[in-house]
Structure formats: structure tokens, C-alpha cells
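Please consult the sequence and structure shown below while reading.

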Amino acid sequence: MSQTADTTMTAPHSTTAPGHLPQLHRPRNPGMPLDLDWVARVQANTSAIERRAATLPGRRTVKKEFQAAWLARAITLIDLTTLAGDDTPGRVRRLCAKARQPVRADLLEALGLPGLTTGAVCVYHEMVETAVEALEGSGIPVAAVSTGFPAGLSPYALRVKEIEESVKAGAQEIDIVISRRHVLTGNWQTLYDEMRDFRAACGEAHVKAILATGELGTLRNVARASLVCMMAGADFIKTSTGKESVNATLPVSLTMIRAIRAYEQATGIKIGYKPAGGISKAKDALVYLSLMKEELGDDWLRPDLFRFGASSLLGDIERQLEHHVTGAYSAGWRHPMA
């Protein structure tokens with residue numbers, strides 16, 4: 001049965017100051033020695049997970065000003081992304097301008113949210129310097145995909161070097177891809193060592209481990225890979241590159257965030273979560289936010305612990321916010337990304 005969501009979640013404060021950076025909020029995950037016994041004990045009840053996930057879209061609804069508040073919060077959690085082969089400096093600069101002002105100024109004024117920004121801008125290494133320059137003074141971090149994104153099959157030394165070069169260019173967050181073969185063959189020690197090396201190469205930059213869950217075969221593999229990456233020091237775990245045939249799904253998300261909960265219970269360390277790929281509608285964002293609130297709590301409704309990997313999502317949220325303010329829906333082309 002649908003029910004009204006908890007109304008304690010109000011519109012977020014302005015996020016123009018750099019205080020929303022995860023680097024400035026919480027102690028980083030130091031990792032821990034690889035515990036293979038714990039990894040072996042991890043199971044995933046696929047049918048139960050799928051049943052729970054199927055109930056999520058209908059369990060909570062939010063309306064009127066509460067929906068607008070949740071959608072405004074969702075904007076602050078978006079890693080606004082362009083990862084196309086035809087990216088140009090001009091496109092990246094326009095995307096950064098959109099990150100600085102994700103919603104039309106008149107709508108933000110009507111909502112009482114001037115200064116609202118997205119959580120980050122995510123680009124390939126080649127565009128890091130352009131994005132850093134375009135975002136100077138905004139407090140919005142630049143995230144770079146790395147380690148042979150999206151397949152993760154380039155020479156190992158080059159993958160480590162790519163991280164170092166992106167950090168040197170100014171990236172404050174690095175989205176790395178793991179070697180899927182280590183998961184599929186149960187080679188947990190090698191996956192752990194790889195993740196430790198990538199974390200070390202990031203230095204002060206926060207690292208998001210992309211599991212490419214659509215290529216891991218089973219939810220049990222997803223759960224075990226999540227745990228190993230957290231043990232090795234990942235600050236975030238992320239579903240997908242967005243390039244796989246199956247990207248973020250609710251069953252995968254439920255599996256990963258319960259691994260995050262188990263890790264926090266064991267270590268006291270909070271790990272971030274980033275679903276990416278296929279999340280393009282405002283209603284989808286609301287489902288993910290309610291899932292995070294129910295499973296992990298309010299701390300995971302902030303950009304230091306939760307991000308959406310998306311671009312088209314922002315356009316639909318802006319359209320919904322315009323409807324809230326004006327009572328009318330506008331055409332999608334009125335809300336360009338770049």
C-alpha cells in the first residue's frame with residue numbers, strides 16, 4: 001500500500017560552498033586485512049532480494065512540496081557525467097555551467113534554493129583540466145573515470161599511472177573499474193591487492209570502485225565483490241560504467257547497500273554508494289532515495305555518501321520542478337544538459 005513519505009526531509013541548504021565535498025566531512029575508509037572467511041560466508045537470497053526490490057516503487061510516494069524537496073536533494077547527489085567519444089572542451093565547459101546552475105534561476109528563486117549545484121562532474125582523464133578550470137571557485141569536485149574505463153583491460157601499470165595523472169590534473173574523485181575476471185574466478189586476493197593499489201595511487205582523492213555488476217553473473221558475486229573492495233579501502237562502491245547491457249537495478253542496489261550496512265556494523269566506517277546507468281527519470285530517483293533512507297538512514301541522503309551517475313536524470317528533475325512551480329509541464333528541449 002502506498003503511503004506518504006516521512007516529511008522530515010526538507011529542501012537542502014545551498015551547496016555552493018565546498019563543504020559538501022566528502023573529503024571535508026568523514027574519516028576515509030582505511031580498509032582492513034582481507035578476511036576470506038567473511039567473504040566465503042557472504043550469500044545472497046536472490047528470490048527474497050527480488051521480491052523486496054519489486055515492492056519498492058509502490059511503498060512510498062511523495063507529493064507537492066515534499067516531492068520538490070526530495071528532487072532538489074537528488075540534484076545535489078548527481079555526478080553530472082559526459083563519457084562520450086566525441087566529447088570536446090566546449091561540451092565539458094557547458095556541462096560544468098549546468099552543474100553550477102542545474103535548474104533555471106527563476107525556478108530556484110521560486111523554490112527558495114539559489115546556489116543549488118550538482119554533486120560533481122564526471123569526465124574522462126583528457127577533460128579533467130578543462131572541467132577543473134570551468135568549476136574553479138564553485139566547490140564542485142571533478143571525478144575522473146580511470147583504470148582503462150570501461151573494460152579495465154589495459155596494462156596494469158598504465159591503469160595505476162592513469163589514476164596518478166588524473167589526480168595530478170586536479171581530479172578529487174576517481175571512479176576506477178575492477179577486473180571482473182577476478183570476481184568470476186573467485187580470485188579475491190588479487191582483487192583485494194588491485195583495489196589496494198588503486199586506492200594508494202589516488203592519494204587524497206576519493207576512490208569509487210565500479211563493479212560492473214551486469215557482468216558479474218550473480219548477486220552473490222556482487223555482494224562478495226562489494227565487501228572485498230570495501231576491505232581494500234574503497235570510499236564508494238558503484239554499480240556500473242553505464243556501458244554494460246545491464247546497469248543499475250534495484251536488486252543489485254539492495255545487495256550492495258546491505259553489504260555497506262554489514263561493513264559499517266563490523267568496522268564503524270560508512271561507505272558511499274553510487275548507482276549509475278539507466279536512471280533517467282525523477283520518479284526513479286525518488287525510489288532510490290527512499291531505498292537509501294529505509295536501508296541505511298539519513299546520512300546516505302547526502303553527497304558524501306550517495307551519488308547518482310547520470311546526466312539525463314537532471315533534465316527530467318528540472319522539468320518536474322518547473323511543473324511544481326508553474327503547474328504546467330514544459331517540453332524536454334527546454335532543459336538542455338550541455
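The structure discussed here is a predicted model. Threonine 147 belongs to the loop between E5 and H7, and its phi is near 60 degrees, a positive value in a residue other than glycine. Proline 150 also has its place in the loop that runs between strand E5 (142-146) and helix H7 (156-169). The peptide bond leading from phenylalanine 149 to proline 150 is cis, and its omega is near 5 degrees.

Alanine 212 is not a glycine, yet its phi is positive, at about 50 degrees. This residue is placed in the loop between E7 and H10, and its relative accessibility of 0% makes it buried. As background to these entries, most residues other than glycine have a negative phi, and most peptide bonds are trans.

## Salt bridges between separate elements

The count of salt bridges comes to 26. In one of them, the side chains of lysine 208 and glutamate 173 meet with an N to O distance of 2.7 Å. Lysine 208 is part of strand E7 (residues 206-210) and glutamate 173 is part of strand E6 (residues 173-177), so this pair ties together parts that lie 35 residues apart in sequence. Both partners fall below the burial cut-off of 20% relative accessible area: lysine 208 is buried at 2% relative accessibility, and glutamate 173 is buried with a relative accessible area of 1%.

Which residues are linked with this pair in a network of salt bridges? The network is formed by Asp79, Glu173, Asp175, Lys208, Lys238, Lys274 and Arg307.

Glutamate 295 is paired with arginine 261 in a salt bridge whose closest N and O atoms are 3.0 Å apart. Because glutamate 295 lies in helix H12 (residues 282-295) and arginine 261 in helix H11 (residues 250-267), the pair ties together parts that are 34 residues apart in sequence. Glutamate 295 is buried, with a relative accessible area of 9%, whereas arginine 261 is partly exposed at 29%.

A salt bridge also joins aspartate 298 to lysine 293, with 2.7 Å between the closest N and O atoms. Here aspartate 298 is partly exposed, its relative accessible area being 37%, while lysine 293 is buried at 17%.

## Residues of helix H10

Is leucine 227 buried or exposed? Leucine 227, found in helix H10 (residues 219-231), has a relative accessible area of 3% and is buried. When neighbours within four places in sequence are left aside, leucine 227 is in contact with Trp38, Val39, Val42 and Tyr263. The C-alpha atoms of leucine 227 and aspartate 35 are separated by 9.6 Å, although these residues are 192 residues apart along the chain.

Asparagine 221 is likewise found in helix H10. Its relative accessible area is 14%, which places asparagine 221 among the buried residues. With residues up to four places away in sequence not counted, asparagine 221 touches Val183, Leu184, Trp188 and Leu216.

## Surface charge and a loop residue

Where does negative charge gather in a patch? Such a patch is found on the surface and consists of Glu126, Glu129, Glu133 and Glu136. One of its members, glutamate 129, is found in helix H6 (residues 128-134). Glutamate 129 is exposed, with a relative accessible area of 55%, which is above the cut-off of over 50% for that class.

Threonine 249 is located in the loop between strand E8 (236-238) and H11. It is partly exposed, with a relative accessible area of 25%. The C-alpha atoms of threonine 249 and lysine 208 are separated by 18 Å, the two residues being 41 residues apart along the chain.

Notes: Residues are numbered from 1 along each chain as its sequence is written. This is a predicted model: local features need pLDDT of at least 70, side-chain atom pairs count only at pLDDT 80 or more; totals for chains, interfaces and linings use all residues. Side-chain values use heavy atoms; hydrogens and water are left out. A salt bridge is a side-chain nitrogen of Lys or Arg within 4 Å of a carboxyl oxygen of Asp or Glu. Helices (H or I, at least four residues) and strands (E, at least two) are DSSP runs, numbered from the N terminus. Buried means under 20% relative accessible area, exposed over 50%, partly exposed in between (1.4 Å probe, protein chains only). Contact means heavy atoms within 4.5 Å. Patches are made of residues with over 30% relative accessible area and no salt bridge: like charges are joined within 9 Å, nonpolar side chains (Val, Leu, Ile, Met, Phe, Trp, Tyr) within 5 Å. Accessible areas come from the Shrake-Rupley method with a 1.4 Å probe; for residues, only the protein chains shown count as cover. Lys and Arg count as positive and Asp and Glu as negative; His and the chain ends are not counted. The place of a charge is taken as NZ of Lys, CZ of Arg, CG of Asp or CD of Glu.
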